[in-house]
Amino acid sequence: MKKLILISIFAFITGCISAPTATPENYYTLQSINSESLSNKTISIGLESPNIPSYLDKSQIIIEDKDASILQINEKERWIEPFGKLLERTIINDFYAYLPNAIISNPLINSEKTDYNVSIQINKLNGPLNGTITLDAIYTIQNNKASKSKQKRVVLTEQTGPTYTDFTYSQSKLVDELVKQIITEIIK
């Protein structure tokens with residue numbers, strides 16, 4: 001009888017140790033949305049890494065409550081990499097989609113003179129689930145051929161659904177619209 005009790009306890013402990021106790025994490029990415037070229041010009045663009053608030057540059061997805069006074073970090077809903085790197089890669093992909101013949105480089109790494117230099121400061125790219133996400137950004141375009149510069153603030157909004165998939169897709173649409181506005185300004 002003692003042996004049976006010990007075997008039962010061992011089986012119970014082994015089962016508890018090997019049983020999954022945590023829910024799995026979900027991983028998300030930003031997407032390139034557009035499918036149209038805006039110009040076939042061959043131009044060179046020095047595109048700096050976007051500057052974002054440090055609270056957004058995490059692997060966890062950060063959402064706001066409805067009145068934007070509380071930020072929520074969900075440990076189970078994550079980006080596939082820190083948000084800053086993911087945002088940079090998405091912006092570069094969007095630039096190439098809109099300008100397929102462009103030569104894009106980071107001016108801080110590549111010292112060659114480009115036709116344009118672009119910097120982007122993201123002040124906000126957030127909102128609640130099932131609400132309105134806001135992208136507040138300032139971009140600067142330096143036209144190196146004409147030696148002039150233009151800076152513009154853009155505030156864009158997008159409705160999103162109740163899921164994190166909806167949320168990340170809406171963020172992708174906002175990033176795409178920002179890049180489209182920058183490129184439209186460049187090719188004027």
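These legends accompany close-up views of a predicted model.

**View 1. Overall fold of the predicted chain.** The protein chain holds 3 helices and 8 strands. Along the sequence the elements run α-β-β-β-β-α-β-β-β-β-α. The chain has 188 residues, and 42% of them count as buried. Take the contacts between residues at least 6 apart in sequence: 70% of these join residues at least 24 apart. Salt bridges across the whole structure number 10.

**View 2. The salt bridge between Arg 78 and Glu 25.** The closest N and O atoms of Arg 78 and Glu 25 are 3.5 Å apart. Arg 78 belongs to strand E4 (residues 71-79), while Glu 25 sits in the loop between helix H1 (2-18) and strand E1 (26-28), so this bridge ties together parts 53 residues apart in sequence. Arg 78 has a relative accessible area of 16%, so it counts as buried. Glu 25 is partly exposed, at 32%.

View 3. Glu 88 and Lys 85 meet through their side chains, with an N to O distance of 3.6 Å. Both residues lie in helix H2 (residues 83-98). They are 3 residues apart, about one turn of the helix. Is Glu 88 buried or exposed? Its relative accessibility is 16%, so Glu 88 counts as buried.

View 4. The side chains of Glu 185 and Lys 150 form a salt bridge, at 2.9 Å from N to O. This pair links distant parts of the chain. Glu 185 is in helix H3 (residues 164-186) and Lys 150 is in strand E8 (residues 148-159). Glu 185 is buried, with 16% relative accessibility. Lys 150 is partly exposed, with 36%.

**View 5. The crossing of helices H2 and H3.** Two packed helices are described by the angle between their axes and by the distance between those axes. The axes of H2 and H3 come within 10 Å. They cross at roughly 50 degrees. That angle makes H2 oblique to H3. The crossing is right-handed.

**View 6. Side by side: the residues where H2 meets H3.** What does each helix bring to the contact? From H2 come Leu 87, Thr 90, Ile 91, Asp 94, Phe 95 and Tyr 98. From H3 come Val 175, Asp 176, Val 179, Lys 180, Ile 182, Ile 183 and Ile 186. The residues of this H2 and H3 contact divide into 9 nonpolar, 1 polar and 3 charged.

**View 7. The surroundings of Asn 143.** Asn 143 lies in strand E7 (residues 132-143). Its relative accessible area is 15%, so Asn 143 is buried. Which residues does Asn 143 contact, leaving aside its neighbours within four places in sequence? They are Asp 115, Tyr 116 and Lys 148. Asn 143 and Asp 115 are 28 residues apart along the chain. Their C-alpha atoms are separated by 6.3 Å.

Methods. Residues are numbered from 1 along each chain as its sequence is written. This is a predicted model: local features need pLDDT of at least 70, side-chain atom pairs count only at pLDDT 80 or more; totals for chains, interfaces and linings use all residues. Side-chain values use heavy atoms; hydrogens and water are left out. A salt bridge is a side-chain nitrogen of Lys or Arg within 4 Å of a carboxyl oxygen of Asp or Glu. Helices (H or I, at least four residues) and strands (E, at least two) are DSSP runs, numbered from the N terminus. Buried means under 20% relative accessible area, exposed over 50%, partly exposed in between (1.4 Å probe, protein chains only). Axes are lines fitted to C-alpha atoms, for helices over the stretch in contact, and angles run from 0 to 180 degrees between N-to-C directions. Angles under 35 degrees count as roughly parallel, over 145 as roughly antiparallel, 65 to 115 as roughly perpendicular and the rest as oblique. A crossing is left-handed if the near helix is turned anticlockwise from the far one by less than a right angle, and right-handed if clockwise. Contact means heavy atoms within 4.5 Å. Ala, Val, Leu, Ile, Met, Phe, Trp, Tyr, Cys and Pro count as nonpolar, Asp, Glu, Lys and Arg as charged, and the others, Gly among them, as polar.
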